[in-house]
Structure formats: C-alpha cells, structure tokens
Amino acid sequence: MNDYEMMVDAYKKAGGEDVFSNSDTAHMVLEQDKILGKHEVEGLEINAEKIKTNTIDVKLRIKKGYQIKNPVHMCFGVLPKEGLQKILMDVNIEKDAYAKIMSDCVFPNATEVKHVMKANIHLGSNAHYEYEENHFHGKTGGVEVVAKSNIEMDEGSEILTLFTLRKGRVGKIDFDYEADLAENAKVEMLTRISGYEDDQVKIREAARLNGRNARGLLDSKIAMADNAKAEVYNELTANAPDAKGHVDCTEIIKDNAIARAVPIVEVSHPEAKVTHEAAIGSVDSDQLQTLMARGLDEEEASDLIIQGLLKG
Amino acid sequence: MQKLLEIRDLDLTLDKERILQNINLDVNHGEVLAVIGPNGCGKSSLAYTIMGLKGYEQNGGGIFFKGKEISELSVTERAKKGITLAWQEPARFEGVSVREFLSIGAKAKGRNIDNKDLDWALNEVAIIPNKYLDRNVDDTLSGGERKRIELASILLMKPDLVILDEPDSGVDVVALNNIGDVINDFKNEQMGVILITHSDEMLEVADKAALICGGEIFNVGNPQEVSDYFKYQCIPCEDEDFEKHQGVSSNE
Ligand SMILES: Nc1ncnc2c1ncn2[C@@H]1O[C@H](COP(=O)(O)OP(=O)(O)O)[C@@H](O)[C@H]1O
Ligand SMILES: [Mg+2]
C-alpha cells in the first residue's frame, strides 16, 4: 500500500466513511507534511501547501452564497510511531455560504506523535458552518494534540463545532477555542471526550457575545478513568442587549481520575444573560444498578452509561 | 414442586436500625405475590435485598432461588440467574435509545432481539413503537413512560422472577389496566412476580398478598382479605420504630 492507501485504510478502520472516491464530496488527505489527496467541488476551494518541514498551510474557502451539500472530509494523520504535524488553517466561509467539515485525525501507531493545529476561521454575514472533528488515537497514549482556533463571526452567522474522542486513548489534548460574535450570530461548541490511564485533557472554550441577540452554548461531556485528568475552562461573556448564553459541563470520573470544571461567566449588559451548570461525579449508582439488574456487570454497565452520555 | 423463591428468617439492619425482621415468604412459578403496607414499612428494602443491591446486604436468614442460597451473589449474578427488579422511580439514561435499552437484558442472557420483538414488547405496554424506539430513555420521557418501557425491557429479558416496586405509582388509570395485563403476561410465561403496590386494582392480579408493618410480615393470604385487614383493622403498631416510619413519606 502507498501512503494514501494506508491513511485511508487507517481512517476506515477507525470507523470513517468511504467518501474519497465520491466526486460529489470534497476532501483532503494529509499525512505529516505530505498532501496525499485533494478534491474540490463547485463553490469550494482548498489550497494546501507545505511551507516548511512538518508544516502545512491550508486555505479553505466557501464562496459567497454557495451551499456545499455533502460534508467536506479532511483527514489528518501521522502513520509512523513518531512525528510532528503542524497545520496552519485559514477557513473563510463567505457571506450566505454553508459547509460542513468533518475532520478526522488518525494516529493509529503513535508512540510519540504531536499534532498542532492553528486555525483562523472567519464567517461572513449569515454564513453557516458546521465543524466536526473526530480523533482516533490508538491505544498507546502517545499522541499530543494542541489546537488553537480563533473564530470571527459576522452578523447572523452560525457555527456548530463538535469534537469527539470516544474510543482509544487521548494521550494529551490541549484545546483553546475562542469565538467573537456579532449581532444575531450563534455559536455552539460541543466536546465529548473519554480518557483513561494517564490521559490528560485541557480545554478552554471562550465565546464573547458582543452583538445584540448573539447566542452561545458551550457544552462539554467528559469521562475520565484510571489516573486520567481533565480540566475544562468555559468562558462566556455577554455584553450586548438580548445576548444569551449557557455553559454546561458534565464530567464523570472513575478510579483515581481527577476532573476540574471552571466556568467563567461575565455579563456586562443589563439585558444580557448567561447561565451555567457543572456536574462532576462518579457514574450514577441508580443507573448502574438498573443495568446490573438486567445482567450487565459493573464494567459493562458503566461503559454503556458513559458512551450514552458522550453521545448526548 | 420446587419453589421459585424462598425467603427464610430474613433480617436487614441499615444504619443500626432494624429495617426488616424475620421475613418468611415464598413465591412459586407463575404466581403473583403482592406486598402491601404503609409508607416506610420496608417494602422497597425487601425488594432491594432480594435483588442484592449495594448497601442492602442481609444480616441474617436466607434467600433461596430455585433451591440455591443466593445471598452471597452480586446483583449481576442474581440477574443472570433470572431475577430482576423494576424500580419505583426508573433511572434516566442520557444518550441511550429505547431500542438499545430494551435489548440490554436479553443480550446479557445471550439472546438477540430483532425489530419484531421490540414492536411486540412496546405494544404490550401500550407504547407506539415507531414513535418511541429512537427516542432516548432520558427526562424527555415522562416517569410513566419510562416505567412502561422498563416493563417492556423485562418482557424481553424473560427472567424467572420479577420484582415490581409500585409499578402503578405515577401512571394513569388506562395505563394501570395495561400494567395488570403485563403482569398477567408474566404469569402466563410461568414467571414469579413480587408486586409492591398501594392500589386495589393491582391486587386483582395477585394470587396472594403479604402485609408488612414496621419491617415485619403481619399476615399473608388472600389479597382482598389482607388488603381489607390493612385498610379497616390495622391498628397503628405499638412498635416505636413503626410510629417513626409512619411519618416517613419519602417514597410517595
Ligand atoms: N439505605 C438506607 N439507609 C438507612 N435507612 C434506610 C435505607 N433505605 C431505607 N431506609 C429506611 O428503611 C425504612 C423502610 O424504607 P422502605 O423500604 O423504602 O419503605 P417502603 O418502600 O415500604 O416505603 C424507612 O424507615 C427508611 O427510611
Ligand atoms: Mg418503597
């Protein structure tokens, strides 16, 4: 198999859909600093360029008014055990355009892999963008992910981001997402992560509701077992009339795992409102006992509960 | 014939307080035993002790299921042997679909459940399958709906003994009739049923009833007679524990 086939294979083994041969679906496949595949559709432009060793610059543009029907698939990965992949990403969803991007990050053999992503995302007025990032890190925990995004949202634009890592080890994740919202813009950031052994998760999500009637939801669900650690910082500020936001953080811990949730909510306009909810605890014993009374053992029961929570 | 369940001289103490004392009860295959009694008298505690829930380990006596002592077994082991429990307040499960939830018990016993089975079980509890199968068993369902879905999951699990803790509480009259039908289904399948209830309608499906007062069995016999005794003749117990229990209404 060549590198491209190996990437696609690793991606499919991790549960990804086979979309790379479909001409109606835009995609890009990057392995370390190699651009292995790229396909555009009408209204969408992807430019990728290696700017130095281990670093790729990606520019994605959805042209004004275009609605991209099929989700765009981006597959990032490092196949060897060791390696660095740095992606500098510029995303521009122009006025009235729509696209959904599914990013899949596969590091199937990682013992010492670092994946760094720096993204600048701009949404033109009334643009609509969905971004889903799924990670498959293998079982060794040798992956470090550092992701930083700055999201600029013009009036009436909407973004929905979903980050998931439900199977396999996390390794180390350090996220920092920031969004600035103009009038009537709406952001939803959802995070679903399960970690174990000595996995470490650090997430900072910040949204600033600067425009009238802007909306924000930061929702994290995290399950940590063994000696894993999670820290979630959710910051939501609202400083315009009718701006409304909600922060929701649920963390389930088992064994010696540690979870911390730090919601920071700030409201500086009398007609704005932000609420927050955080719950950290072990798996609910009523749920466990119900499933055990149906014949599941404690481990199976708690897996089912946690997978359910992470789906929600 | 071998009894399905035999409880002998069962004692339970929680927080240094005697909750159950000297309980003796039998349940046969295809038999419904109703358990009645005032709030806080120990009905749920009895259910939890038979199921083997954490924190409800008996302090004395024996529980025999199909002739074998089970008090050392875990909840899972008891379930695998064929005992299950439907809670008075069914748990909620975020992100778990009705479809998935219904199959759990059968799957744990190594049986696969197909769409036909799912439709059958939901129809039995008067829930419209295609409206509910893909919904989640979370707080978007009412308590009554979750109770009926729990019963459907038990129909599919096909245990030998099912303990129903107040299946009638929080459901409307129509649903009440339906729950009676489901209990008759259990009977027809030769399952034993322990039915904890406050309602006379439910007693109609029972073969016998036990009245518990202050953690002790007061009498066992014909359901209507035991219920009448409880309603019209039961003088508040002298037992000071019981007087305290009477003030407890947390389970209502
Ligand atoms: N886990 C527990 N720890 C201490 N006391 C308990 C516990 N569970 C139940 N009890 C007490 O046992 C008594 C019987 O409760 P319960 O079995 O729930 O009654 P019922 O179901 O008949 O209303 C009550 O006084 C209750 O407070
Ligand atoms: Mg009770």
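I'll start with helix α7 of chain B, residues 173-188. It has 16 residues, so at 1.5 Å a residue it should span 22 Å; the end C-alpha atoms are 23 Å apart, which agrees. Keep in mind that this is a predicted model.

Which residues of α7(B) are buried? They are A175(B), L176(B), N178(B), I179(B), G180(B), V182(B), I183(B), F186(B) and K187(B). In general, residues three or four places apart on an α-helix point the same way, because there are 3.6 residues a turn. Just past the end of α7(B), Q190(B) has a positive phi, about 65 degrees.

Now the interface. Chain B puts 26 residues into the contact and chain A puts in 19. About 1,800 Å² is buried between the two chains, with 59% of that from carbon and sulfur atoms. On the chain B side, F93(B), E94(B) and I104(B) supply 28% of the area buried against chain A, more than any other three residues.

E150(B) makes a salt bridge with R294(A), with the closest N and O atoms 3.0 Å apart. Eight residue pairs are in polar contact across the interface.

Elements of chain B that each supply at least two residues to this side are α2 (75-81), β6 (83-86), α3 (98-108) and α6. α3(B) gives the most, five residues. By type, the chain B side has 15 nonpolar, five polar and six charged residues.

Note on methods:
Residues numbered from 1 in each chain as written. Chains lettered and ligands numbered in written order. Predicted model: local features only at pLDDT ≥ 70, side-chain atom pairs only at ≥ 80, totals over all residues. Heavy atoms only, no water. Helix = DSSP H or I, 4+ residues; strand = E, 2+ residues; numbered from the N terminus. Expected span 1.5 Å × (residues − 1). Buried < 20%, exposed > 50% of the residue type's maximum accessible area, 1.4 Å probe, protein only. Contact = heavy atoms within 4.5 Å. Buried area = accessible area lost by both parts, 1.4 Å probe. Salt bridge = Lys/Arg side-chain N within 4 Å of Asp/Glu carboxyl O. Polar contact = N/O pair within 3.5 Å; in protein donor to acceptor, adjacent residues only side chain to side chain. Nonpolar A, V, L, I, M, F, W, Y, C, P; charged D, E, K, R; others polar.
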